[in-house]
Amino acid sequence: MLAGAAVLLGVSAGQAQAAEVAYATKCVPPSGIGLPDVNGTTKVEITAPATAKVGDTVDVVWKFTQAASKNPDIIDLPANSVQPSGTLKAAGAQTADIAMQGPRENPAIPKGGAMTLSDMKGTLKLTAAGQVTLTPDAYVVNALSTDTKCAPTEAVQPAATITVTAGEGSSGSGSASPSTSPDPSQSQSQSPSASASGTPSTSPSASESGGDNGQTDFTGKVVDIPYTCQSPIGEKKATSPIQINAKKSGGSYDLTVQFKKSVMDSPIDIPAGKVKPTMQIVLGGADEGSVKVEGPLNSEPIPQNDPIEIPDLTGVYKPGATGESTLSPGVLTIEAMGTTTTCTPDSTAVSLTLDTAEQASGASGGSGSSSSSGGSTSTSGGLAETGSGDHGTLKALGLVAGTAILLGGAVFTFMPRRRAS
């Protein structure tokens with residue numbers, strides 16, 4: 001009798017109730033990254049008032065007790081980088097789609113760690129007397145400017161029921177009007193905006209030439225290079241203004257590559273020491289091959305939405321031929337937060353021309369000629385190889401120890417900013 005009384009008291013007027021349901025879920029990673037759809041199980045707890053009156057607006061809470069999968073072994077997700085949104089179905093005496101959304105609040109989630117999603121909240125205005133059931137439906141996980149869309153693949157059981165009584169002036173009829181809340185499946189993120197002035201260069205630039213007359217400093221022209229960038233979340237186009245300068249040192253040249261403008265805004269807070277740029281300078285004219293230049297790691301943290309500045313890239317060019325040799329921007333590689341983005345020029349232009357004298361073991365015919373495809377960087381444009389010889393890197397990482405990926409596209413993307421036409 002005491003237990004029965006406790007149950008009755010637990011659902012007395014206005015008191016909140018909570019119930020958990022589990023349902024099979026299919027999650028679709030962002031398009032263009034080469035990962036398969038994910039099938040997992042979502043566990044949700046819905047909290048809502050046990051009783052209310054017609055005309056009341058009630059608060060509803062959606063709590064993830066288990067996400068569909070763990071964070072993949074691709075990248076550590078920083079704190080406060082993941083935001084969920086979803087739809088809760090009201091049925092019975094009243095039908096409505098309730099837009100639910102949680103804050104972008106989460107602890108740091110390591111590679112392979114359990115996904116931790118914030119509680120989502122929404123409201124429902126009650127319009128009819130009777131039993132109103134609340135059932136979780138599709139949801140979206142936004143992380144690092146990418147959306148993973150998840151939806152039930154089976155009928156989901158109601159997770160909570162509100163007993164609605166007729167209020168003063170209410171007819172108590174079963175009519176109801178659907179919620180007009182916006183569709184929460186739309187992305188809640190704002191992708192980094194990208195723009196830069198200028199127009200692409202369509203012809204090779206002339207430069208100071210001269211191993212003659214004792215000249216030691218050579219300044220190249222700024223050339224706009226259109227890139228196709230392959231990152232772990234897909235392929236995009238961008239254009240960057242680049243200048244190559246040289247200083248003669250004996251028979252070799254100290255090279256400096258400069259990016260004249262910020263190339264992108266950071267989609268997340270990036271700690272110091274996490275961004276490393278490299279580039280292959282393509283040799284032409286009398287010489288052939290390529291020269292690797294690289295920049296230092298970022299010395300300061302980069303706040304979310306702040307411009308990411310590429311520092312000067314430096315390296316040494318040892319000529320492998322005598323004559324007029326040209327230097328043009330080539331493959332750009334950015335390593336950041338455990339991921340790699342590879343940008344390949346759609347076309348290139350000469351920034352600097354030098355009168356060179358052949359040096360022993362110089363670039364022509366040497367190891368430099370084999371590195372024009374990007375040197376030691378990943379040829380797949382993704383992460384380091386994982387041993388899957390007949391699949392791309394991302395596919396090899398798509399399932400880790402049989403664990404489905406919820407956030408297959410939740411990886412840092414570094415690509416140059418598109419220049420305005």
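Modeller: Happy to! The torsion about the S-S bond of cysteine 27 and cysteine 150 is about 110 degrees, so this disulfide is right-handed. Cysteine 27 belongs to strand 1 (residues 16-28) and cysteine 150 to strand 9 (residues 146-152), so the pair ties together parts that are 123 residues apart in sequence. The S to S distance in this link is 2.2 Å, where a disulfide is taken to be a pair of cysteine sulfur atoms within 2.5 Å. Cysteine 27 and cysteine 150 are both buried; buried stands for under 20% relative accessible area, exposed for over 50%, and partly exposed for what lies in between, using a 1.4 Å probe and protein chains only.

A word on the background: this is a predicted model, in which local features need pLDDT of at least 70 and side-chain atom pairs count only at pLDDT 80 or more, while totals for chains, interfaces and linings use all residues. Residues are numbered from 1 along each chain as its sequence is written, and side-chain values use heavy atoms, with hydrogens and water left out.

Now for the other link. Cysteine 229 and cysteine 343 also form a disulfide, with 2.1 Å between their sulfur atoms. Cysteine 229 sits in strand 12 (residues 223-231) and cysteine 343 in strand 21 (residues 339-345), so this pair ties together parts that are 114 residues apart in sequence. With 110 degrees about the S-S bond, the link of cysteine 229 and cysteine 343 is right-handed. Cysteine 229 is buried, and cysteine 343 is buried too.

Let's step back to the whole chain. The protein chain has two helices and 22 strands; these are DSSP runs numbered from the N terminus, with helices being H or I of at least four residues and strands E of at least two. Of its 421 residues, 47% count as buried. Among contacts between residues at least 6 apart in sequence, 74% join residues at least 24 apart, a contact being heavy atoms within 4.5 Å.

One loop residue is worth a look as well. Isoleucine 268 lies in the loop between strand 15 (264-265) and strand 16 (275-285), and it counts as buried because its relative accessibility is 5%. From C-alpha to C-alpha, isoleucine 268 is 9.4 Å from alanine 143, though the two are 125 residues apart in sequence.
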